[in-house]
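Biologist: I would like to learn how to read a protein model. Could we go through one step by step?

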Amino acid sequence: MPLTFTAELFHWRGPAPHYFLRVPEELVPDLKDAARFVTYGWGMIPCEAVVGETRFRTSIFPKDGGYLLPVKVAVRRAEALEEGQTVPVTVTPG
């Protein structure tokens with residue numbers, strides 16, 4: 001079940017800094033349902049994501065009652081993405 005949304009790319013400056021897209025709240029119930037079947041622990045949901053012309057494998061993970069999608073460096077470079085940019089993405093859990 002592919003889910004498509006648009007979110008703002010943000011930089012998390014924690015001990016291991018990464019860039020993420022926050023999954024909109026209205027899609028959280030769909031991901032929670034999918035997690036029952038595909039999670040590999042800690043609520044992580046493996047998925048395929050598509051941003052622009054770039055397709056990649058990653059895992060969506062739970063954070064503060066919602067979910068975050070990490071955006072790899074290679075994807076950011078290939079699609080010329082910058083912090084604060086609004087990014088359309090399609091994710092398919094599994």
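Predicted model: local features only at pLDDT ≥ 70, side-chain atom pairs only at ≥ 80, totals over all residues.

Biologist: What does Glu48 form a salt bridge with?

Modeller: Its partner is Arg55, and the closest N and O atoms are 2.8 Å apart. Arg55 is exposed, with a relative accessible area of 55%.

Biologist: How many salt bridges does the structure hold?

Modeller: There are 2 salt bridges. One of them joins the side chains of Glu83 and Arg13, at 3.3 Å from N to O. This pair links distant parts of the chain, 70 residues apart. Glu83 is in the loop between helix 2 (73–78) and strand 7, while Arg13 is in the loop between strand 2 (10–12) and strand 3 (18–22). Glu83 is partly exposed at 42% relative accessible area, and Arg13 counts as exposed at 58%.

Biologist: Where is confidence lowest in the chain, and where is it highest?

Modeller: The average pLDDT of the chain is 92, and 98% of the residues score at least 70. Confidence is lowest in helix 1 (residues 28–38), with a mean of 86. Strand 1 (residues 3–8) has the highest, at 98.

Biologist: Let us take the helix next. Which residues of helix 1 are buried?

Modeller: The general idea comes first. An α-helix has 3.6 residues a turn, so residues three or four places apart point the same way. In helix 1, the buried residues are Val28, Leu31, Ala34 and Ala35. Seen down the helix axis, they fall within an arc of 120°, so they line one face of helix 1. The face turned away from that buried side carries the exposed residues Arg36 and Phe37.

Biologist: What covers the buried residues of helix 1?

Modeller: The cover includes strand 1, strand 4 (45–51), strand 5 (54–63), strand 6 (66–70) and strand 7 (86–93). Leu3, in strand 1, gives a detailed view. Leu3 is buried, with a relative accessible area of 7%. Leaving out residues up to four places away in sequence, Leu3 touches Leu27, Asp30, Leu31, Val89, Thr90 and Val91. The C-alpha atoms of Leu3 and Ala35 are separated by 14 Å, and the two residues are 32 apart along the chain.

Biologist: Is Asp30 buried, partly exposed or exposed?

Modeller: Asp30, a residue of helix 1, is partly exposed, with a relative accessible area of 29%. Beyond residues up to four places away in sequence, Asp30 touches Met1 and Leu3.

Biologist: How many residues does the largest nonpolar core have?

Modeller: In soluble globular proteins, nonpolar side chains tend to be buried together. Here the largest nonpolar core has 25 residues. Those with the most contacts inside it are Phe5, Leu21, Ile60, Tyr67, Leu69, Val89 and Val91. Strand 1, strand 3, helix 1, strand 4, strand 5, strand 6 and strand 7 each supply at least two residues of this core. The largest share of the core, 4 residues, comes from strand 4.

Biologist: What is Leu21 in contact with?

Modeller: Setting aside neighbours within four places in sequence, its contacts include Phe5, Ala7, Phe10, Tyr67, Leu69, Val87 and Val89.

Biologist: Now a charged residue. Is Arg76 buried or exposed?

Modeller: Arg76, in helix 2, is buried yet has no salt bridge. The nearest side chain of opposite charge is Glu83, 8.8 Å away. Not counting residues up to four places away in sequence, Arg76 touches Leu9, Tyr19, Val71 and Leu81.

Biologist: Where is Ala80?

Modeller: Ala80 is in the loop between helix 2 and strand 7. Phi of Ala80 is near 55°, which is again a positive value. Ala80 is exposed, with a relative accessible area of 56%.

How values were computed:
Residues numbered from 1 in each chain as written. Heavy atoms only, no water. pLDDT = per-residue confidence, 0-100. Buried < 20%, exposed > 50% of the residue type's maximum accessible area, 1.4 Å probe, protein only. Arc of directions from axis to C-beta. Contact = heavy atoms within 4.5 Å. Salt bridge = Lys/Arg side-chain N within 4 Å of Asp/Glu carboxyl O. Core = buried A, V, L, I, M, F, W, Y, C linked by side-chain atoms within 4.5 Å. Lys, Arg positive; Asp, Glu negative; His and termini not counted.
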